[in-house]
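Keep the viewer open while you read.

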Amino acid sequence: MDTQFVGEHLWPGKLGHLFVISTFVGALFSAFSYWRAVQTEKTDAYNSHSWQLMGRNGFVLHAASIIGIFFALYYIIANHLFEYHYAWQHSSLALRSKYLLSCFWEGSEGSFMLWTLWNSILGLVVMSTAKLLETRTMAIISLVQAILATMLLGFYFGPDVKVGSTPFMLLREQMQGAPIFSSPNYMDFIKDGNGLNPLLQNYWMVIHPPVLFLGFATTLMPFAYCVAALWKGEYESFVKPTIRWSLFSGAVLGTGIMMGGAWAYESLNFGGYWAWDPVENASLVPWLTLVAGLHTLLVYKATKRSLIVTFILLLLTYLLVWYSTFLTRTGVLGKTSVHAFTGEGSALYWHLLIVLGVLLVLSIAAMTARWKQLPRIKTEEATSSREFWMFIGSIVLLLSAVQISITTSIPVWSPLVKWISGKDVAPPVDVMSHYNNIQVWVAIIIAMLSATILYLKFKQTGWATVLKRWGITGGIALVMAGLVGYAQKITTWQYDLLLFSTCFAIVANIYYAIAIQKAKLKQLGPSVAHLGFAMLLLGILISSYNKEVMSLNTLGVTFDLSKDDKMKAAKENRENVLLFRDMPVAMGEYTATFRGDSTSPSDPRTFFKVDYERVDTASKAVKERFRLYPDAFVNTKERNLISSPATKHYWNKDVFTYVNSYQMGGEEKFKDYTVHQGDSIFLGTGYLVFKGFNKEVNNPAYKPEEGDVAVTADLAYFDLKGVKGMLRPVYYIHDKFDNQIEDTLKSSGVTARLQKILPEQNAALIQVKQESGKNDYVVLKALLFPYINLVWLGVIVMVIGFFISLRNRLSY
């Protein structure tokens with residue numbers, strides 16, 4: 001007899017399951033119907049139209065079902081129905097209502113649901129606008145939707161084969177066999193959920209994932225139009241809608257990527273908005289190939305050249321979107337990413353590989369079937385033509401994407417290399433330098449091309465006027481670059497070259513917009529987008545090249561922050577400072593003082609109050625005073641400290657602060673420290689340095705007796721002003737028994753005990769305590785980013801340029 005469980009709300013889950021099934025069936029029926037419409041369009045127009053109508057109805061059913069899934073899941077999360085695993089895993093009673101939506105995309109099921117929702121909305125737009133290409137584009141879109149719907153099915157075929165994962169799984173079904181579920185009233189014991197990851201409780205994470213997934217969804221439309229064009233064997237009608245969708249996709253996906261950068265800047269502690277993290281790279285690469293494909297498509301529209309490379313780039317873009325999903329969702333990246341999703345088992349791994357295989361086969365089949373018939377122009381482009389240099393720029397973007405993909409995918413292909421050759425291939429040690437040293441040349445080339453291409457004409461250009469305009473803008477850019485380089489002390493030659501190329505792009509595009517386009521809004525799209533991209537590059541250059549570490553460790557204190565990486569540990573030791581409560585420390589032009597912490601029972605984070613003051617060196621008057629609240633919490637799953645920065649924003653710089661370690665509210669009791677010679681022990685008002693063992697016992701409390709074996713631990717106590725005294729606790733053996741004599745430095749309230757000698761480790765176990773109230777501290781890192789607002793302004797201007805171009809394309 002089945003157990004009747006008490007207190008469960010089953011109807012939202014059953015309704016959600018029904019919507020999942022109808023989503024899959026509706027998409028599959030729509031794909032089949034549209035395919036049949038294509039098959040019969042030449043032989044039976046009436047029957048073809050009937051199939052087309054059925055395809056539309058199927059897709060409308062599919063879209064309505066997706067909306068139903070969304071509302072059913074939202075109802076479960078918003079009403080804290082913790083009998084459902086998804087609600088229990090990703091939400092809690094204390095979660096503020098404005099972050100409820102963030103629960104959707106913390107898990108894979110919600111993310112795939114969001115992706116499918118955006119695809120369905122965009123699919124309805126295509127269905128109403130594609131006209132002669134509707135049947136073919138919608139067949140592809142519906143097929144992809146059916147594939148995405150399988151991600152939410154949660155069906156088992158036998159004991160081992162699972163297709164998808166449903167967000168409507170009950171907790172007792174997910175955790176079968178747990179003793180708690182043997183009780184019919186188990187809900188009486190489920191008082192709260194696990195809660196949302198505090199890093200996701202940020203306003204950027206409410207809007208960043210929807211925008212990013214909208215960007216991913218938009219890449220399906222150029223893909224569908226390209227496949228449709230190849231399927232039909234007609235290469236004109238697809239051009240206009242594909243340009244429009246590519247422009248929209250470039251704007252939205254670019255915005256989503258940089259929203260992720262803004263979230264990382266505000267919530268993560270890797271010290272900036274971009275760290276070449278694999279998750280970041282995985283979203284950037286499709287954008288690069290998309291922009292490359294957009295430019296070659298514009299070339300094809302104007303000259304009938306570059307059709308093949310356009311198809312390759314736009315088909316590849318959508319494949320790379322799915323590949324990025326594979327990288328970030330299956331756990332293959334391991335520890336190479338600071339914010340990849342953990343792996344969800346082999347089922348999702350193989351599921352995504354199969355999807356990639358299906359889409360790859362579809363793309364290759366479409367290309368090979370029409371390869372010989374694809375139009376080509378046998379003559380070469382003139383080197384003075386716009387299309388030649390647009391093609392070169394697109395190839396550079398493709399090569400950039402290839403380099404980023406290869407390095408990012410090292411955890412994927414390195415096992416194969418090891419199996420073949422027996423050699424390990426590891427990711428680069430210094431990731432930032434590795435990518436920067438390569439991608440700086442991509443940035444230089446693209447910036448120079450974005451400065452010059454608009455001055456060229458398609459097919460052939462007269463050089464006289466162009467060279468004159470380049471000379472004027474280049475001269476102004478050279479002066480501008482010289483002034484900026486001198487002011488910002490940029491002395492590395494390749495970055496000087498990048499500085500000039502970005503200045504050239506800024507000046508040239510402004511000149512082009514005003515002098516040539518006469519500031520006519522409809523025509524300003526390309527120059528505004530190129531201007532924004534150049535501003536973005538300039539902001540990246542200045543804010544990264546002159547990023548200043550304010551928290552320089554002048555005391556020589558050793559922090560145990562990176563145990564597994566000696567180079568990183570040495571760097572962190574140089575760039576972190578120890579702040580004791582109420583003891584000011586100079587950091588750059590500021591003085592920082594740690595004032596304690598602030599906590600809330602409903603929030604796992606601890607907020608640290610750090611006061612900054614800037615004093616006029618002449619008058620000694622305080623010119624500025626502000627307080628920052630960096631926070632941190634202990635990740636109980638991985639037992640590590642997760643910290644989020646706090647930032648003071650100025651128009652021309654940011655002061656960026658985060659905590660790497662802390663001790664708060666310590667009681668007056670001994671704590672154990674295993675130390676080697678030279679190691680530090682941090683206390684509330686200073687720190688101890690273990691100088692080593694000393695057989696000459698110099699402690700008046702010790703009275704030697706015959707047969708004793710005695711040794712002291714020499715501990716130097718420092719505060720921020722220097723050495724304050726020595727402690728010499730004694731460890732001795734008398735009549736085969738261990739004995740300890742403590743030593744106390746009364747002025748600082750510090751007591752030390754040499755508890756044990758560890759000869760096999762050449763170390764000592766030392767116990768230390770300090771008077772209550774004197775042992776609070778934080779280990780803090782502070783950075784100064786100059787002119788970082790240029791980064792965000794550049795993104796905004798670039799996206800505006802995309803939308804101006806889109807508006808112009810929609811008008812004809």
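Let's start in the loop between H2 and helix H3 (85-90), which is where His80 sits. Keep in mind that the model is a predicted one. His80 isn't a glycine, yet its phi is positive, at about 55 degrees. With a relative accessible area of 24%, His80 comes out as partly exposed.

Ser306 is another residue other than glycine with a positive phi, this time near 65 degrees. You'll find Ser306 in the loop between H10 and H11. Ser306 has 13% relative accessibility, so it counts as buried.

## Salt bridges across the chain

Searching the whole structure turns up 14 salt bridges. One of them joins the side chains of Arg56 and Glu134, at 2.8 Å from N to O. Arg56 belongs to helix H2 (residues 45-78) and Glu134 to helix H5 (residues 134-150), so this pair ties together parts that are 78 residues apart in sequence. Arg56 is partly exposed at 28% relative accessibility, while Glu134 is buried, with a relative accessible area of 2%.

Next up are Lys781 and Glu575, whose side chains form a salt bridge of 2.8 Å, N to O. Lys781 is in strand S23 (residues 777-786), and Glu575 is in the loop between helix H19 (566-574) and strand S4 (577-580); the pair links distant parts of the chain, 206 residues apart. Lys781 and Glu575 are both buried.

The chain is split into domain 1 (1-201), domain 2 (428-548 + 786-812), domain 3 (581-664) and domain 4 (671-775). Taken over C-alpha atoms, the centres of domain 3 and domain 4 are 32 Å apart.

Lys653 and Glu589 make a salt bridge through their side chains, at 2.9 Å from N to O. Since Lys653 is in strand S12 (residues 653-663) and Glu589 is in the loop between strand S5 (585-587) and strand S6 (590-600), the pair ties together parts that are 64 residues apart in sequence. Lys653 is buried, with a relative accessible area of 14%, and Glu589 is partly exposed at 40% relative accessibility. There's also a network of salt bridges, linking Asp582, Arg595, Asp611 and Arg627.

Setting aside neighbours within four places in sequence, the contacts of Arg809 are Ile243, Arg244, Leu247, Leu298 and Lys301.

## Enclosed space

In general, rolling a probe the size of a water molecule over the atoms shows where empty space is left. Here the count is 3 cavities of 30 Å³ or more. The second largest cavity holds about 70 Å³ of space.

Which helices each supply at least two residues of the lining of the second largest cavity? They are helix H10 (278-303), helix H11 (307-329) and helix H13 (386-408). Residues lining the second largest cavity include Asn281, Val285, Pro286, Tyr323, Ser324, Ile404 and Thr408. Also among them are Ala282, Leu320, Leu327 and Ser405.

Methods:
Residues numbered from 1 in each chain as written. Predicted model: local features only at pLDDT ≥ 70, side-chain atom pairs only at ≥ 80, totals over all residues. Heavy atoms only, no water. Contact = heavy atoms within 4.5 Å. Domains from an automatic or database assignment. 1 Å grid on protein atoms, 1.4 Å probe; cavity = no way out; pocket = protein on both sides within 12 Å on 5 of 7 lines; lining within 4 Å. Points joined across faces, edges and corners; volume = space filled by probe spheres on them. Helix = DSSP H or I, 4+ residues; strand = E, 2+ residues; numbered from the N terminus. Salt bridge = Lys/Arg side-chain N within 4 Å of Asp/Glu carboxyl O. Buried < 20%, exposed > 50% of the residue type's maximum accessible area, 1.4 Å probe, protein only.
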